[in-house]
Amino acid sequence: MSIFGKEYEFTTPLSEDDVRKVKAGDLLYISGDIWSARSYVLKKFVVDREPLPVDTKKMNVFLTGGEGLRPVDKEHTCWDPVPIGVTLGLRFERFFPKLIEYAGLRCVITKGNMGPGTRDACVKFGCLQLTAFGWPVLPRFNEVLKAKVKDEEVYWREAGMVEALIVYHVGKTGPWLVNMDTRGSVLFNQIYSPVNDRIAEVYKKIGLPEDFEYSSLEQ
Amino acid sequence: MIKEDLIERAGYMAMRQAALHIPDDIFDAVKDAHQNESSADTRRVYDAFFEFAERRTRAGEVVCPDTGTIYYYISIGNVEIDRSIDFWRALARATVSLSREGILGQKSGDVVHHTNNNINVGENSPSIHYKLVPEIDYIEITALAKGGGGEMPGSKFRMLVPADGLHGIKKFFIDSAVSAAKGGLACPPTIFGLGVGGGIAIAASIAHEAAVLRPVGSRHPDKDIAAMEDELLEYINYIGVGPAGLGGHRTASDVHIEYSNGHMGVVATALVAQCLMAHRATVKLFADGRMELATAPEGWFTRPWRKSMSEVTK
């Protein structure tokens, strides 16, 4: 049986009804306004509680990408994103549950799996965690940008362009793969259900004693 | 005589190639994995990858924008060079040029002060590693722009002791490689480099070199180590985390092991992952200024102890 489910097309802002019908394994295409940021912005928003300079009720899809920006003209009035690829989500796990709650997000797009905090926030607040279909660079993003990134829509850039809050106007980005849905299902955990048994078999093959523990050097 | 401007040009050529082209050995391994994959879902993901890589390469764009941490590995052969060359300056200039052209991303910054000048140069960046290799008659520069997938979730270290046994080392590999590959974090199919022995600095650097400098299919000259490379490769692929972490039979393109003698109580063990995009390329620079791309570094794993052991122990 395929791990991939239905395909959906949504436009931002996504409604709670939109995301509640989606299941782990489904593939999403999203159009509209999307924003990206990394640790610098997330800490400022979630920990320091500085208000975001963008309206996340309207722009309720967040991407961990942002691989930097290249100036299009000498005056730096607008920017071309370096081809986008979402980045590892687990390093933001500390921020995500509160990010989803405070910003009212319906989708967070990251590379790979997230932790139980994000899973629970997805269920509670009606949000999906998406990952790339395949490798992080595969979903169409740059190719479907409706316009260059405007200089006035790059915020909080003190820590460099990769860490800045950036707004993108996109048409049909995707496919994005739903990892966590609003019912608490996690696609990667389903895929890995046979993995632990196989690891146990391999442990036997290498002659690992069942009660093996590494020698501890901590004191 | 080789002067500084030639080092800059060779470094530029190597890093440009590294950023824009997936190395042949790795691309061939991915094609082979695609052909031998039994899962229809995984084949579908590979199809999307090849379509994408071709489109990006045709457009002259980086296949993966995560050009990460910037490294140069330099083997200086038996060739006349200007002794006043500042290698860091030359290679930093190459790095800045490629950053300003947008070929390198803006990923290497100051993680302590959390600042980024967007041109990938600063404290110990680019990171440069040297060897003097009298057996070759050229300078070999390998450029590496290492993405975060291989560095962050894909790299682990543990200080083992002899009581933990060989199975302790193998368990470390299995646990670490599975963790790196899950969720596609280290972008599998991955090359895993395992470094054992010496101490923390030695184990970590030989693990890194094993992952990023040895081509797919290469085997350690010690036959026991080569057999262990095959064994661990079989295990990780049997476990089935799969390409992009979506399940399937090719989690690793290869496993490379390097080891070092050292303090007999210290079983320092490190794992480093190299992602499938593997931004690496090698340029040979000859005395007459000629530059040539090579598929993999030939002047790095010279293992002088294997050649001169009997002589020094006479």
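Predicted model: local features only at pLDDT ≥ 70, side-chain atom pairs only at ≥ 80, totals over all residues.
Hi everyone. Strands here are DSSP runs of E, at least two residues long, and helices are runs of H or I with at least four, both numbered from the N terminus. With that in hand, let me start in chain A, where A:Pro175 sits in strand E10, residues 165–180.

B:Pro189 belongs to the loop between H6 and strand E5 (190–196) of chain B. While we are on backbone geometry, have a look at B:Asn120. This residue is not a glycine, yet its phi is positive, about 65°. You will find B:Asn120 in the loop that runs between helix H4 (87–100) and strand E2 (127–132) of chain B.

Now to the interface. On the chain B side, 61 residues are in contact with 55 residues of chain A. Together the two chains bury about 4900 Å², and carbon and sulfur atoms give 65% of that area. As for polar pairing, 18 residue pairs are in polar contact between chain B and chain A, counting those with both residues at pLDDT 80 or more. Which elements of chain B supply at least two residues each to the side that touches chain A? They are helix H3 (40–58), strand E4 (156–160), helix H6 (165–181) and helix H8 (223–239). H3(B) has the largest share, with 10 residues. Sorted by class, that side of chain B has 32 nonpolar, 14 polar and 15 charged residues.

Some of those charges pair up across the boundary. Side chains of opposite charge can pair when their charged atoms come close. Between chain B and chain A there are 4 salt bridges. One to look at is B:Arg44 with A:Glu7, where the closest N and O atoms are 3.7 Å apart.

Over all chains, the structure holds 35 salt bridges. Within chain B, B:Asp25 and B:Arg280 form one, their closest N and O atoms lying 2.8 Å apart.

Last stop, the surface. A:Leu217, B:Phe157, B:Met159 and B:Ile200 make a nonpolar patch of about 350 Å². The chain A contributor, A:Leu217, lies in the segment after helix H6 (195–205) of chain A. That's my tour, and I'm happy to take questions.

Methods. Residues numbered from 1 in each chain as written. Chains lettered and ligands numbered in written order. Heavy atoms only, no water. Contact = heavy atoms within 4.5 Å. Buried area = accessible area lost by both parts, 1.4 Å probe. Salt bridge = Lys/Arg side-chain N within 4 Å of Asp/Glu carboxyl O. Polar contact = N/O pair within 3.5 Å; in protein donor to acceptor, adjacent residues only side chain to side chain. Nonpolar A, V, L, I, M, F, W, Y, C, P; charged D, E, K, R; others polar. Patch = residues over 30% accessible without salt bridge, like charges linked within 9 Å, V, L, I, M, F, W, Y side chains within 5 Å. Areas by Shrake-Rupley, 256 points an atom, 1.4 Å probe, with all protein chains shown as cover.
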